[in-house]
Amino acid sequence: MECAYCKLLLCDQGIQEGFPGCPMEDRSLFDESVRLLMEEDNLRFFQTSCRIEEEGYLRWPRALEIIQFCKEMNYTNIGIAFCLGLKREAAIFIGLLKRSGLAVVSAVCKSGGIPKECLGIKDEEKTNPGSMEVICNPVAQALRLNREKTDFNVVIGLCVGHDSLFFKYSEAPVTTLIAKDRRLGHNPAAALYISESGYLDEPMQEVLGERA
Ligand code: SF4
């Protein structure tokens with residue numbers, strides 16, 4: 001059973017009895033999750049998340065939810081890992097953080113200036129073959145923010161996969177302000193909303209290798 005296709009949604013009614021194929025058939029996973037959530041660090045983090053969700057429900061945009069979360073968690077030093085293509089957005093968000101009395105350290109994806117060839121990227125795999133291109137370096141972004149001992153890190157527009165490496169190496173917890181989607185104005189959900197209109201057919205064929 002895919003929860004995404006479930007019509008019963010017993011869990012949402014607080015009914016803990018699973019039915020065949022429902023993951024709640026085996027309670028052990030959920031018992032373990034509660035045990036972990038009750039651990040001191042997780043509990044405060046979790047309870048604050050719940051409060052923020054309610055306090056600004058339908059009123060606060062995500063940028064302000066992040067700021068409020070930082071304040072309620074008593075975070076003072078905030079890391080920003082951003083894509084060069086979203087430098088302007090990063091600067092605006094940093095302005096909001098500073099206005100809220102928070103200190104900020106920002107790390108751009110290109111920092112380090114390392115040519116793509118150093119990481120085995122072939123010339124024909126570059127955005128503009130024949131030109132000098134430097135890598136996005138999410139590991140360097142994480143190491144830099146780790147060195148600055150940031151309390152909480154915010155991702156702004158890191159590429160798919162680069163963001164995963166940043167999550168992997170960041171010592172501070174991470175949230176995403178902007179998920180990059182150059183095609184859709186950084187609104188990835190739009191692809192899903194328009195997918196049934198046929199708008200995605202051609203690019204899907206390309207991704208699936210079905211185009212001649
Ligand atoms: S946990 Fe069970 S009841 Fe809840 S959505 Fe998934 S399949 Fe449905």
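**Reading a predicted protein model**

Guide: From the N terminus on, the elements go α-α-α-β-α-β-α-β-α-β-α-α. Helices (H or I, at least four residues) and strands (E, at least two) are DSSP runs, numbered from the N terminus. This is a predicted model, where local features need pLDDT of at least 70, side-chain atom pairs count only at pLDDT 80 or more, and totals for chains, interfaces and linings use all residues. Residues are numbered from 1 along each chain as its sequence is written, and side-chain values use heavy atoms, leaving out hydrogens and water.

Visitor: How many helices and strands does the protein have?

Guide: There are 8 helices and 4 strands.

Visitor: Next, burial. What share of the residues counts as buried?

Guide: Buried means under 20% relative accessible area, exposed over 50%, and partly exposed in between (1.4 Å probe, protein chains only). Here, 30% of the 212 residues count as buried.

Visitor: Is leucine 58 buried or exposed?

Guide: Leucine 58 is exposed, because its relative accessible area is 81%. You'll find leucine 58 in the loop between helix H2 (40-55) and helix H3 (62-72).

Visitor: Which residues surround the ligand?

Guide: A residue is near a molecule if one of its heavy atoms lies within 4 Å of it. Around the ligand sit Met1, Cys3, Cys6, Leu9, Leu10, Cys11, Phe19, Cys22 and Pro23.
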